[in-house]
Amino acid sequence: MIYREAGQFKTTYASDQAIFAIPQDRWFVVFAAAAAFVVPPLAANEYWLQAVLIPFLIYSLAAIGLNLLTGYAGQLSLGTGGFMAVGAYAAFKLTTALPQLNIVVVFLLSGLIAAGVGLVFGIPSLRIKGFYLAVATLAAQFFLLWLFNKVPWFVNYASSGTIMAPNRSVLGVIVTGPNATAPVRYVTALALVVVGALVAKNLVRGRVGRSWMAIRDRDIAAEIIGVRPLRTKLLAFGISSFYCGVAGAELVFLYFGSAETLAFDITLSFLVLFMVIIGGLGSILGSFLGAAFIVLVPIFLTNAPQAMGLSLPVALQKQFELMVFGGLIIFFLIVEPHGLARLWQITKEKLRLWPFPH
């Protein structure tokens with residue numbers, strides 16, 4: 001009953017072009033963001049913070065990065081795991097070489113290094129697209145992991161080949177390393193993804209985002225009207241890789257604590273791609289919804305047999321989880337090919353018109 005636009009007039013361009021044009025949306029988002037910063041650190045236990053919320057936030061940031069490239073710019077990429085590995089190894093080298101460097105600055109510099117690598121591997125997008133571009137980015141995925149495996153300098157010549165997150169603090173509070181608590185790491189990951197989502201949302205609403213969508217919809221027509229394909233595509237690869245690099249650094253420093261190159265294999269690239277497809281291509285909200293689906297559904301399927309009083313062998317339960325999970329993905333893609341974000345948009349439209357037919 002209260003979700004109505006009637007009587008809410010816009011008198012300026014700024015109010016008309018606002019991210020949340022309806023006051024109810026603005027208040028809801030502000031309340032939800034405040035609750036996200038306050039409630040989970042105080043109420044959630046170690047399991048929910050460490051196994052659910054922190055990976056959800058990190059994967060959401062990676063999904064936003066891939067969505068900017070694939071959903072908005074139309075450049076299919078299968079190298080997300082490799083770019084996340086670049087960010088993780090860059091963060092490890094920066095923290096060990098410059099221990100006095102602030103960890104937030106480390107995350108940003110890691111993203112910039114990943115962006116530089118993304119620009120290099122984005123050059124083939126000028127000549128190829130679609131499936132062929134996906135194969136080219138897949139080559140980047142394998143090459144980067146091979147490089148980190150074969151060059152011991154990236155792991156500081158450690159015989160184990162493992163990178164570890166050292167203890168680092170911000171304003172006297174330890175946010176990374178073995179001594180960092182789960183609530184602090186959660187708040188750090190939440191702050192980074194909130195800022196990243198806000199920047200991405202404003203980016204796609206401006207000239208850069210319109211150029212990306214023009215290239216995505218019809219690249220030849222976009223070039224005719226003045227959009228430069230070289231700069232536009234490379235900018236998409238660079239910004240997308242920046243987000244993925246920051247997410248990769250977070251994955252090691254805020255979630256795993258230590259990792260090998262196996263943590264960034266092709267499975268991770270497909271996982272982030274599934275998040276974008278399920279959540280909705282060309283939607284920042286869809287990145288969050290897709291990450292939530294990928295993170296929460298396996299946990300639900302793991303606990304469902306015990307909740308129903310069934311005792312299944314571990315191997316059978318794992319196969320059952322894979323079958324149900326794959327079936328749910330296919331079901332959602334058939335029911336709504338535009339993802340969960342489109343379902344949420346339809347729900348909002350129905351709420352705004354209720355009780356009248358739609």
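Reader: What volume does the largest pocket have?

Author: The largest pocket has a volume of about 2,000 Å³. A pocket here is an open set of points on a 1 Å grid over the protein atoms alone, where a 1.4 Å probe fits, with protein on both sides within 12 Å along at least five of seven lines. Its volume is the space filled by probe spheres set on the points, which are joined across faces, edges and corners. This is a predicted model, in which local features need pLDDT of at least 70 and side-chain atom pairs pLDDT 80 or more, while totals for chains, interfaces and linings use all residues. Residues are numbered from 1 along each chain as its sequence is written, and side-chain values use heavy atoms, without hydrogens and water.

Reader: Which residues lie closest to the centre of the largest pocket?

Author: Phe20, Val29, Ile284, Leu285 and Trp344 do, out of 47 lining residues; a lining residue has an atom within 4 Å of a point. Two or more lining residues come from each of α2, α3 (46–72), α7, α12 (284–307) and α14 (340–353). Helices are DSSP runs (H or I, at least four residues), numbered from the N terminus.

Reader: How do the residues of that lining divide?

Author: Into 31 nonpolar, 7 polar and 9 charged. Ala, Val, Leu, Ile, Met, Phe, Trp, Tyr, Cys and Pro count as nonpolar, Asp, Glu, Lys and Arg as charged, and the others, Gly among them, as polar.

Reader: How are two packed helices described?

Author: By the angle between their axes and the distance between the axes. Axes are lines fitted to C-alpha atoms over the stretch in contact, and angles run from 0 to 180 degrees between N-to-C directions. For α2 (residues 23–43) and α7 (residues 182–204), the axes come within 10 Å and cross at roughly 160°. The two helices are therefore roughly antiparallel to each other (angles over 145 degrees). Contact, meaning heavy atoms within 4.5 Å, involves Ala36, Phe37, Pro40 and Pro41 of α2, and Pro183, Tyr186, Val187, Leu190, Ala191 and Val194 of α7. These residues comprise 10 nonpolar, no polar and no charged.

Reader: At what angle do α4 and α5 cross?

Author: At roughly 135°, with the axes of α4 (residues 80–97) and α5 (residues 103–122) coming within 8 Å. Residues in the contact include Phe83 and Leu94 of α4 and Ile113 and Phe121 of α5. The contact divides into 12 nonpolar, 4 polar and no charged residues.

Technical notes: Angles under 35 degrees count as roughly parallel, over 145 as roughly antiparallel, 65 to 115 as roughly perpendicular and the rest as oblique.
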